[in-house]
Amino acid sequence: MAPVETTERLGRSLGFFSTFAIGTGTMIGAGIFILPGIAMENAGSGAIISFLLGGLISIATAISMSELATGMPLAGGSYYYISRTMGAAFGAVIGLGSWLALVFKGTFALIGLAEYSQIFYPLPLYLVAAVTGILLLVINYRGAKSSGSLQNIIVIILLVILVLFIGEVSFMVKPDNFFPVASHGITSIFTTTGIIFISYLGLAEAAAVSEEVKNPSKNLPRAFIASAVVVTLFYVGIMAVTVGFSGPEGTAATVTPLADIAGLIAGDTGKFFIAFAALLATLSTANGAILSSSRFPFAMSRDALMPEWFVLIHKKYETPYNAILVTGSVMVALLFLFDIEQLARLGGAFNILIFILLNMAVIILRKRTLPGYEPTFRDPLYPFTQIFGVVGSVLLLPLLGGLPLLFSVLMIFAGAGWYMFYGKGKAMPAYNLFDLLENNVERVSVEPVSVGRVLVPVSNPGHERDLLKLADFLGSEIICLHIIEVPRQTTLNVAQEAYHEKKIEMDYRFQEDFDVYPAKFGNKREFIVAFDHKISNSIIEQAEIENADIIIMGWHESKRFKYSLGDVTNDVLGSSKSQIALLKGHLPDSIKKILVAYNGKENSVHGLYLAKKLAVNTGAAIRIISIISPDEDPDKKAKIAEELEELAKKITLVPVSFKLLERYSIEDAILEVSNGYDLTIIGDSSERFKISLLGTLSQRIARHSRKPVMIVKKSKPISKESLNYLLKKSAKKIYARIRKEKDTN
């Protein structure tokens with residue numbers, strides 16, 4: 001028996017929009033509804049320039065982050081980039097500061113939520129904020145799966161509402177309201193930029209999930225830059241219509257300026273509509289802070305800069321409960337210590353410091369070599385982008401006031417002190433900034449990735465041996481995939497560590513059974529443990545990594561009268577580039593007779609090929625059947641019979657027979673014949689956009705058959721190539737039709 005190789009992998013389940021939504025949702029959340037009034041109070045109509053300047057600095061930093069992220073797409077985001085560029089001491093400062101800045105932003109959002117809730121029903125402000133914070137803490141502590149996907153929905157709703165708001169108010173703008181531009185002085189514009197800078201903290205949060213983004217070389221730059229650009233456009237647009245509608249002083253005294261304007265335009269309906277959007281936005285921001293609470297502590301814990309206690313995960317809920325408890329508790333406590341403008345200044349101050357170091361990191365890494373750092377995206381405007389990001393941020397920092405500056409200084413000392421007390425001598429990376437500048441950093445080794453042919457995802461111990469048996473007969477290399485589904489609140493690395501330390505309940509039977517499974521043909525075997533937030537994504541991703549020729553899965557029908565478009569099987573069928581075989585039922589100990597339902601289409605051909613391979617290794621005989629309507633033309637019947645005869649002659653090494661059946665019901669014919677065979681193989685030929693990707697015929701046969709059924713399907717996901725082909729094909733048809741009409745005329 002061939003030895004079993006075991007591999008562990010972390011899944012990448014976040015696509016472009018999910019990553020874009022994380023950054024955009026955090027940036028465009030609370031700030032867009034709360035800060036306009038505060039900004040106009042401090043800078044008048046110059047607040048428009050404040051938001052534009054903040055956006056430009058953020059776009060520059062987003063470009064720098066894109067280069068860093070494609071070179072180091074790992075959990076921890078800004079912490080990881082800065083620690084790997086400047087050493088563990090800088091990492092301790094940034095890690096603690098980034099986490100606390102995120103907490104400040106969450107508290108800022110809770111107060112904003114409470115302010116807007118007053119529009120619906122007046123309740124004690126801090127009571128509403130505290131209760132909401134506690135509820136979000138409980139939801140994330142228990143690991144509600146919807147708390148992560150809800151962010152995407154909220155972002156879409158917010159963008160639609162804000163577009164409608166800008167469009168409606170823009171018709172009522174008075175140009176005179178924009179002047180004077182700097183009624184509060186030039187300095188106030190820069191000071192206000194620092195105040196509103198907390199809104200752009202979402203960039204750092206998006207970077208914190210880089211390790212979970214699929215196709216990071218493309219999706220990370222697109223998501224980062226798109227988030228910064230979209231948010232900047234919305235902020236500037238909102239500020240322009242707000243100032244143009246009410247004047248620089250019109251909404252300066254209110255914390256709910258957008259709702260007030262909507263109330264003037266559309267009465268209570270408009271006011272409630274905007275207030276509802278604001279509640280969604282502030283809720284999204286506060287939830288995002290808790291949802292991402294374990295990202296920075298985990299990255300620091302992995303580098304021995306934070307006690308493991310902080311990222312332990314709950315045995316039942318599988319969430320980083322300590323990180324969530326601490327983050328949520330601190331968020332609620334800060335409600336009673338600072339007002340809303342102070343929170344904005346404090347969070348923005350450290351965000352500015354992060355942006356300075358991120359831009360500097362790109363400049364350093366362009367001049368020095370860091371082993372393993374090979375970014376696939378490089379800023380074409382280097383170094384002008386980074387210089388603008390650094391200089392712009394440096395100018396803002398001293399203008400924020402004494403308390404924010406004191407906070408930044410205290411965090412620097414706290415981080416450095418923590419490194420000296422806890423991390424020095426053991427924290428990663430072992431080198432520091434001077435080692436990198438002197439090119440004294442040692443190279444890291446990269447382990448090769450093994451490749452196989454047959455991927456077997458297992459989730460049911462009772463079905464595992466059947467799938468492995470089928471894989472053993474069909475493949476030359478077997479890769480057994482066991483996926484551990486991880487809640488969104490838990491980082492994948494945390495789940496991986498808990499798996500090794502057996503701190504949560506995991507099912508180890510799959511690997512134990514695979515280790516002792518008696519492979520008949522000495523096939524090379526490998527066991528992969530994948531940690532992912534979504535099972536279907538992991539199957540698709542691992543199949544691509546392993547260059548799997550076929551995925552063998554156990555098929556379980558959905559509820560009888562319900563189509564399940566989002567289940568694992570349909571997700572895999574809709575996106576996988578590999579051929580898929582779905583086994584329904586249990587294989588007998590001995591396979592002697594195989595039935596193949598053949599209709600000449602692509603998946604049917606694949607099914608016959610697999611039947612031949614299975615028959616060669618089991619000694620079984622193959623029976624090919626094709627069903628035709630009794631009313632079909634006799635000449636066509638004869639032609640199909642000839643094709644079946646030729647097909648049977650081409651299959652060698654195994655006994656093959658064929659039969660052309662005349663039946664009105666294909667389903668009944670296959671079910672009738674299948675009772676006499678050990679295994680029935682059907683090539684599913686349902687169309688791409690059927691309501692169920694398995695096809696109704698295959699579903700009915702699999703559901704009613706008394707014997708095991710294997711459904712074979714080669715999915716064809718929509719791609720650029722297929723779209724181009726369809727467009728060219730359509731263009732040719734249109735051109736031919738035009739030519740024909742001209743010739744006719």
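## Burial and overall make-up

Of the 745 residues in the protein chain, 56% are buried, where buried means under 20% relative accessible area, exposed over 50% and partly exposed in between, with a 1.4 Å probe and protein chains only. The model is predicted, so local features need pLDDT of at least 70 and side-chain atom pairs count only at pLDDT 80 or more, while totals for chains, interfaces and linings use all residues. Residues are numbered from 1 along each chain as its sequence is written, and side-chain values use heavy atoms, leaving out hydrogens and water.

The accessible surface of the chain is about 31,700 Å², and 61% of this belongs to carbon and sulfur atoms; areas come from the Shrake-Rupley method with a 1.4 Å probe, and for residues only the protein chains shown count as cover. The chain has 27 helices and 11 strands, taken as DSSP runs numbered from the N terminus (helices: H or I, at least four residues; strands: E, at least two). Among contacts (heavy atoms within 4.5 Å) between residues at least 6 apart in sequence, 84% join residues at least 24 apart.

## Aromatic pairs

The whole structure contains 12 aromatic pairs. Rings of Phe, Tyr and Trp (its six-membered ring) pair if their centres lie within 6.5 Å; planes under 30 degrees apart count as stacked, over 60 as edge-to-face and the rest as tilted. Phenylalanine 104 and phenylalanine 338 form an edge-to-face pair, 6.0 Å centre to centre with 70 degrees between the planes. Phenylalanine 104 belongs to helix H5 (residues 88–117) and phenylalanine 338 to the loop between helix H13 (321–334) and helix H14 (340–367), so this pair ties together parts 234 residues apart in sequence. Both phenylalanine 104 and phenylalanine 338 are buried. Ring pairs link Phe104, Phe338, Phe350 and Phe407 into a cluster.

## Charges over rings

A charge sits over a ring if NZ of Lys or CZ of Arg is within 6 Å of the ring centre and within 35 degrees of the ring normal. Lysine 426 lies over the face of tyrosine 422, 3.9 Å from the ring centre. Tyrosine 422 is partly exposed, at 23% relative accessibility. Arginine 366 lies over the face of tyrosine 382, 4.3 Å from the ring centre.

## Two loop residues

Asparagine 460 is in the loop between strand E2 (454–458) and helix H18 (461–474), and is partly exposed at 33% relative accessibility.

Lysine 592 lies in the loop between strand E6 (579–584) and strand E7 (593–597). Leaving aside neighbours within four places in sequence, lysine 592 is in contact with Ala620, Ala621 and Asp678.
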